[in-house]
Amino acid sequence: MKKILITFFSLFLLFSCKQNEGDKNAVLTESNGMINNVSIIIDENLWNGEIGDSIRKKFAAPVDGLINEEPMFNLNQYPTKIFDGIVRKSRNIVIVQKSDKSGYSYKKNEFAKPQSVFYIVGKNQEEILAGLEKRANEIIKSIKDSEIEENQVRLKKAAVDDKKIKDRFGIGLTIGHGYKYDMVHDKFLWIRKEFTTGYNSILIYEVPINTIENDSNVVNNVVKMRDSIGKQFIHGTLKDTWMVTEEAYSPYFFDIKVAGRKTFETKGNWYLKNDFMAGPFINYAIKDEKNNRYLILEGFTFNPSKVKRDLVFELEAIIKSVKFIK
């Protein structure tokens, strides 16, 4: 009987905790903030010194792959005394302050939803700086991942039909409002969204595995592949113009996973040969051993003399929504 009571009491506590958590989430208001914005809650005396310099250096570092420097995140600083109201509803919050103890903690949906709140506290400047040094990369990755998810949520609200993608490549993509099929071939798709100052583009195609892995110089093979595709399909309005990889800036290259599969991520810049158009690109070569191919998902942006970070980030969110269905 005693064991039964203990079991019942444990289940009751577990159910109560989950119910309380659910009730809390139910009453939380929606968070606010533009994509890639972070609220930094820190007093002026810390923000204007070495600690503030460290935060700016890490969280506002230049984005990889853009010719013109743009910060990773837009930082909005608020002193602790006004950490209330709309500021508490920010989607991404980093709280840095002196305290009688040192440490780091993360809280999800503390004041709104979805929301990530990170605390770094220390007894003195040295301890806070040590905490930033230790935790900054972890926080940055967490914010980037959650911003990708938030972007995908926004894209889903007015998603474009991806049947043509499913039929040709056996994958699904979440593509937002405004994107249209610009070029449709049996094994090549060019999807584009035009806006007043330029456009965003997504390319989808596939290549045999040995196109990427025929030797150890994978990044060179990726560049050759995309230049070949550019010459075949991506032309300007002038005669004898096509898209190529910018040679003056070495592309950034990473070995990552997308949709749980080995992926080569390449970030760099493109230009139209024999023309003056140019911009950044991101290329994802996803290994699909089942179908003996690399699936290529590429995004590129043309937005002359304007900021490009969030345009490229939207392309990344679309590409990372990929789901293999065949």
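1. A word on pockets before we start. On a 1 Å grid over the protein atoms alone, a pocket is an open set of points where a 1.4 Å probe fits, with protein on both sides within 12 Å along at least five of seven lines; its lining residues have an atom within 4 Å of a point. In the largest pocket, 31 residues form the lining, and Lys144, Glu265, Lys267, Glu316 and Lys320 lie nearest the centre.

2. Some ground rules. This is a predicted model, so local features need pLDDT of at least 70 and side-chain atom pairs pLDDT 80 or more, while totals for chains, interfaces and linings use all residues. Residues are numbered from 1 along each chain as its sequence is written, and side-chain values use heavy atoms, with hydrogens and water left out.

3. Now the overall picture. The chain has eight helices and 15 strands, which are DSSP runs numbered from the N terminus (helices H or I, at least four residues; strands E, at least two). Its C-alpha atoms fill a box of roughly 75 × 60 × 40 Å along the principal axes. Of the 326 residues, 47% are buried (under 20% relative accessible area, with exposed meaning over 50% and partly exposed in between; 1.4 Å probe, protein chains only).

4. Back to the largest pocket. It holds about 860 Å³ of space, a volume being the space filled by probe spheres set on the grid points, which are joined across faces, edges and corners. H4, strand E11 (252–258), strand E12 (261–272), E13 and H8 each give two or more residues to its lining. H4 gives the most, with six residues. The lining divides into 17 nonpolar, three polar and eleven charged residues; here Ala, Val, Leu, Ile, Met, Phe, Trp, Tyr, Cys and Pro count as nonpolar, Asp, Glu, Lys and Arg as charged, and the others, Gly among them, as polar.

5. The second largest pocket has about 250 Å³ of space. Its lining has 15 residues, with Pro114, Gln115, Ser116, Ser146 and Glu149 nearest the centre. Strand E4 (103–108) and H4 each supply two or more of the lining residues, and the largest share, seven residues, comes from H4. By type, the lining has three nonpolar, six polar and six charged residues.

6. The peptide bond from Lys113 to Pro114 is cis, with omega near -15 degrees, and Pro114 sits in the loop between E4 and strand E5 (116–122).

7. The largest nonpolar core has 29 residues, and Ile171, Ile204, Leu297 and Val322 have the most contacts inside it. Such a core is a set of buried Ala, Val, Leu, Ile, Met, Phe, Trp, Tyr and Cys residues joined through side-chain atoms within 4.5 Å. H8 provides the largest share of this core, six residues. Ile171 touches residues including Ile165, Leu295, Leu297, Val322 and Phe324, leaving aside those up to four places away in sequence; contact means heavy atoms within 4.5 Å.

8. Finally, two backbone details. Asp240, in the loop between helix H7 (218–233) and strand E10 (243–245), has phi near 55 degrees, a positive value in a residue other than glycine. Asn292, in the loop between E13 and E14, also has a positive phi, about 50 degrees, although it is not a glycine. Is Asn292 buried or exposed? Asn292 is exposed, with a relative accessible area of 54%.
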